[in-house]
Amino acid sequence: MEATGSMNSFDHTAPFEDSLLADLTAPQREAVLHTEGPLLVLAAAGSGKTRVITRRIAHLVHIGVPAWSVLALTFTNKASGEMRHRVQSLLGDGRQTRGLTVSTFHALCARLLRKYAEVAALPGLKPDFAIYDTNDQMSLLKRVIADLSLSTSNWPPRSVLSAISNAKNELLTAEMFAARGTDFYSRSIAKIYTAYERGLRTAGAVDFDDLLLLTATMLERSSEVREDCHRRWQYLLIDEYQDTNRAQFKIASLLIGMPESTPDDGPLGGLTRGPNVCVVGDPDQAIYGWRGADISNILDFERNYPGAHVVTLGENFRSTAPILGAADALIRNNKRRKHKDLFTSRDGGDKPVVVTTRDEQHEAALVTDLLRKVRHEAQEPIGWRDMAVFYRTNSLSRVMEDALRTAGIPYTIARGTSFFEREEVRNALSYLRVVANAADDVSLSRIVNMPTRGIGGTSIDHVRAWTSERGLPLLEGMRHAGEVPDISARARTSMGAFIEMVDHWTGAGSFMGAKVSSSLSELVERVIRESGLESHYLALSKAGKSEADLERPENLAELVSSARQFENEFDPDSDPASFPGPEAAAQGRLAPVPPLLAMLRAYLESVALVADADAVDPEQGSVTLMTLHAAKGLEFKVVAVIGLEEGLLPHSRAQNSDAELEEERRLLFVGITRAMEHLQISSSRYRTIRGVPERTISSRFLEELPREHVTFSEQADPYRDSDPFGDDFGDDAAGAARPSSDRRFVSPTRSASGVGNLATGSRVRHPQFGDGVVVTVTGGMGARATVKFASVGTKTLVLQYARLAVLD
DNA sequence: TAACAGGCAGTTTTT
DNA sequence: CTGCCTGTTA
């Protein structure tokens with residue numbers, strides 16, 4: 001109503017426009033109507049963000065902006081799917097949305113790279129690259145580390161991978177990384193990084209991070225590509241901007257035509273108004289810093305885009321006042337943020353409750369009590385589907401599951417093992433990847449002896465030695481098994497049979513001829529059957545050892561039908577590589593590809609870029625259990641957050657810096673703001689961690705919740721609370737950054753070798769490592785301590801064996 | 001080559 | 001208490 005002031009830049013008052021704006025608040029409207037120049041929308045939790053974004057796109061199209069010149073980027077397929085869907089339903093499914101690009105960052109990058117790889121001449125990158133996921137990355141990395149004769153215990157693939165990933169997110173190529181590191185550690189990482197890159201390229205593959213890094217590089221180097229993109233996209237919109245990393249920032253800058261800029265240059269050149277870039281996000285919900293997301297991108301938006309308009313959406317349409325009050329009070333403890341006044345018109349409502357329980361069983365019981373109570377007592381009955389339990393780590397789900405099961409409450413766990421991650425599905429896909437790309441050594445290694453066919457590790461090692469000398473793919477080596485030395489006759493025969501099988505599928509690489517499958521689904525089916533996977537998993541499921549085994553044959557069948565579905569919906573015209581825009585450069589430069597192979601590649605790409613097939617939507621009547629990370633973007637009438645203890649939330653691995661600590665706080669903030677009506681937060685006095693019951697310290701975040709909005713309830717037995725018997729409970733789960741007044745001691749009866757009073761913060765001396773400070777202690781049998789030594793860094797020691805002397 | 005036992009480490013995970 | 005990796009044995 002009052003928003004007319006900001007509406008005067010144009011004078012559309014058609015009925016359609018009215019309906020686009022009618023039910024919006026003034027700030028929401030402002031965000032929708034600000035179309036030209038940079039715009040930052042700070043969208044608080046539950047403030048109607050998606051609505052604003054979709055209306056804004058619809059509005060752009062309505063005032064005459066061609067849909068094909070609008071590019072909307074999201075992080076998840078779910079978000080892009082929803083956005084596309086909602087825009088379409090606003091505009092009708094007609095021509096209006098033709099060419100509108102709504103995509104994830106990664107999918108966009110994949111399409112740009114495929115289209116322009118040859119134009120931009122990126123070294124070693126072929127347009128038909130495969131996309132490696134974390135699993136593939138790990139396999140490759142292990143190989144690389146072994147090839148460099150480094151040990152995987154000194155160089156754990158997981159941490160090396162995260163170092164490489166961080167580097168890529170920061171736009172550091174292997175060469176740059178090598179150039180800047182001088183110490184032993186980073187020089188070694190650089191070596192591994194370089195070899196890893198070489199491995200990827202020779203396998204004709206890129207990893208997820210490469211999609212971003214290579215796209216940024218390509219856009220930077222090739223003015224041709226850049227200009228193509230500029231001609232195509234005039235309006236850029238980025239969702240969840242607080243989660244962008246440096247590479248994504250760079251890509252956005254280059255796409256939108258910030259002249260020759262890098263993030264460091266700050267202000268852009270002589271543009272009068274600045275680019276039409278709209279970013280939407282909430283710094284208070286930035287929870288992916290550990291994955292390279294850089295909260296500075298959103299905090300510094302106004303500095304990077306001078307003249308940016310800022311709209312704050314602070315009104316919350318989700319939660320009751322006390323819940324919002326608790327969330328607000330908590331998040332105010334963060335320093336690095338942009339404050340937003342959070343408010344709601346939903347007055348009244350129950351206060352959130354903070355309970356302290358005896359142990360995790362007790363905690364779980366109180367959660368089930370809450371769920372049952374709320375279900376029956378509410379004036380409007382609340383269904384199980386409107387309830388959720390959140391926790392910091394997946395390991396906390398187990399006790400909760402037990403309690404729900406015994407209470408007879410239906411639940412579903414939203415967890416990572418999605419369809420395409422299952423072992424049997426991954427194996428089938430690896431076969432298909434070998435079919436699509438004979439150079440894919442990682443996929444080949446995975447399945448060459450799966451099911452076992454007498455081609456063991458040593459034989460493969462011999463072939464690998466032979467091929468790496470000649471720069472050939474592994475599969476080529478197997479083809480020439482006769483020339484490879486030291487291979488047993490049996491293995492040689494098996495390899496011959498394997499090659500014959502693959503050639504059968506690919507028509508010896510031609511993908512044509514009578515013996516080749518006529519359709520994708522037929523190919524998938526054949527591969528599963530003829531590879532022996534089908535009978536292998538059938539036998540396994542007959543044996544009926546585990547629950548998972550029973551499902552595997554079904555999952556393989558499911559894969560076939562997913563291929564069939566893809567095939568039916570596949571529309572070559574909407575192929576990512578074709579632009580409906582006004583340009584046609586670079587089109588038709590690629591060599592013609594057999595249709596089946598093209599289809600297979602498109603299918604494999606879609607599979608690689610779609611992580612969770614079983615999306616996290618609250619299903620038919622069951623309570624949802626999930627991590628706090630997974631909860632982002634969802635809402636439930638009833639929410640319980642469990643495990644509010646030092647070491648758990650904030651997590652013990654996230655207490656090294658204020659930045660990490662603030663992210664932990666945001667995690668709780670996200671959890672709280674999911675709740676619409678009822679919220680219970682709990683901590684437990686004792687918790688069994690890895691089989692050892694441990695005394696806990698309640699989370700510092702609980703003290704930050706305001707008494708006026710929150711009810712505190714002590715449910716732990718008072719007499720057990722004081723723990724006068726010196727029961728054999730070990731030390732706390734946490735400790736690290738806790739003030740020294742909160743030190744907890746390992747009980748003397750449990751500690752070995754005379755380190756009875758070892759506490760976090762103690763200074764100790766080790767016969768070999770010298771002096772150090774105790775960072776964490778775990779009690780019980782085989783008690784361990786993490787000690788930070790001045791000379792050799794942090795080590796975890798088993799107290800029984802490490803002859804530690806306490807210094808003070 | 002393949003099955004098995006023992007040792008060791010152990011957040012979160014949009015693509 | 002788990003799951004994963006390594007090294008051993010049949």
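# Briefing on a predicted protein–DNA model

Threonine 54 is part of helix 3, which covers residues 49-62. The structure is a predicted model, and in it threonine 54 is buried, with a relative accessible area of 1%. Leaving out residues up to four places away in sequence, threonine 54 touches Met83, Arg86, Val87 and Leu90.

**The chain as a whole**

- Chain A contains 30 helices and 22 strands, and of its 808 residues, 53% are buried.
- Among the contacts in chain A with a separation of 6 or more, 73% are between residues 24 or more positions apart.

**A buried methionine**

- Methionine 218 belongs to helix 10, residues 208-221, and it is buried, with a relative accessible area of 0%.
- When neighbours within four places in sequence are set aside, the residues in contact with methionine 218 are Leu112, Leu113, Tyr116, Ala120, Leu122 and Val225.
- Serine 683 lies 465 residues from methionine 218 in sequence, and the two C-alpha atoms are 50 Å apart in space.

**Salt bridges**

- Side chains of opposite charge can pair when their charged atoms come close, and a search of the whole structure finds 46 salt bridges.
- One of these joins lysine 168 and aspartate 207, whose closest N and O atoms are 2.7 Å apart.
- This pair links distant parts of the chain, since lysine 168 sits in helix 7 (residues 157-169) and aspartate 207 in strand 5 (residues 205-207), 39 residues apart.
- Both partners count as buried, lysine 168 at 0% relative accessibility and aspartate 207 at 1%.
- Another salt bridge is formed by the side chains of glutamate 240 and lysine 632, at 3.7 Å from N to O.
- Glutamate 240 is in the loop between strand 6 (235-238) and helix 12 (246-256), whereas lysine 632 is in the loop between helix 27 (628-631) and strand 13 (636-641), so this pair ties together parts that are 392 residues apart in sequence.
- Lysine 632 is buried, with a relative accessible area of 16%, and both lysine 632 and glutamate 240 belong to a network of salt bridges that also links Lys49, Asp239 and Asp243.
- Aspartate 402 and arginine 405 form a salt bridge in which the closest N and O atoms are 3.3 Å apart.
- These two residues are separated by about one helical turn, because they are three residues apart in helix 17, residues 397-407.
- Aspartate 402 counts as partly exposed at 38% relative accessibility, as does arginine 405 at 48%.

**Helix 20 and its buried face**

- Helix 20 (residues 457-470) has 14 residues and spans 20 Å from its first C-alpha to its last, close to the 20 Å expected at 1.5 Å a residue.
- Its buried residues are Ser459, Ile460, Val463, Arg464, Trp466 and Thr467.
- Viewed down the axis of helix 20, these buried residues fall within an arc of 165°, so they line one face of the helix.
- Gly457, Thr458, Ser468 and Glu469 are exposed on the other side of helix 20.
- The partners against which the buried residues of helix 20 pack are helix 6 (134-147), helix 19 (441-447), helix 21 (474-479) and helix 22 (489-506).
- After helix 20 comes glycine 471, which has a positive phi near 65°.

**Backbone features**

- Most residues other than glycine have a negative phi, and most peptide bonds are trans.
- Methionine 450 and proline 451 are joined by a cis peptide bond with omega of about -5°, and proline 451 is in the loop between helix 19 and helix 20.
- A cis peptide bond also joins leucine 649 and proline 650, with omega of about 5°, and proline 650 is in the loop between strand 13 and helix 28 (658-673).
- Glutamate 240, described above for its salt bridge, has a positive phi of about 50° although it is not a glycine.

**Beside the DNA**

- Lys142, Thr152 and Arg690 are the residues around DNA strand C.
- Lysine 142 has a polar side-chain atom 2.8 Å from a phosphate oxygen of DNA strand C.
- Arginine 690 lies in the loop between strand 15 (686-689) and strand 16 (692-695), where its phi is positive, near 50°.
- Arginine 690 is exposed, with a relative accessible area of 77%.

Terms used. Residues numbered from 1 in each chain as written. Chains lettered and ligands numbered in written order. Predicted model: local features only at pLDDT ≥ 70, side-chain atom pairs only at ≥ 80, totals over all residues. Heavy atoms only, no water. Helix = DSSP H or I, 4+ residues; strand = E, 2+ residues; numbered from the N terminus. Buried < 20%, exposed > 50% of the residue type's maximum accessible area, 1.4 Å probe, protein only. Contact = heavy atoms within 4.5 Å. Near = heavy atom within 4 Å. Polar contact = N/O pair within 3.5 Å; in protein donor to acceptor, adjacent residues only side chain to side chain. Salt bridge = Lys/Arg side-chain N within 4 Å of Asp/Glu carboxyl O. Expected span 1.5 Å × (residues − 1). Arc of directions from axis to C-beta.
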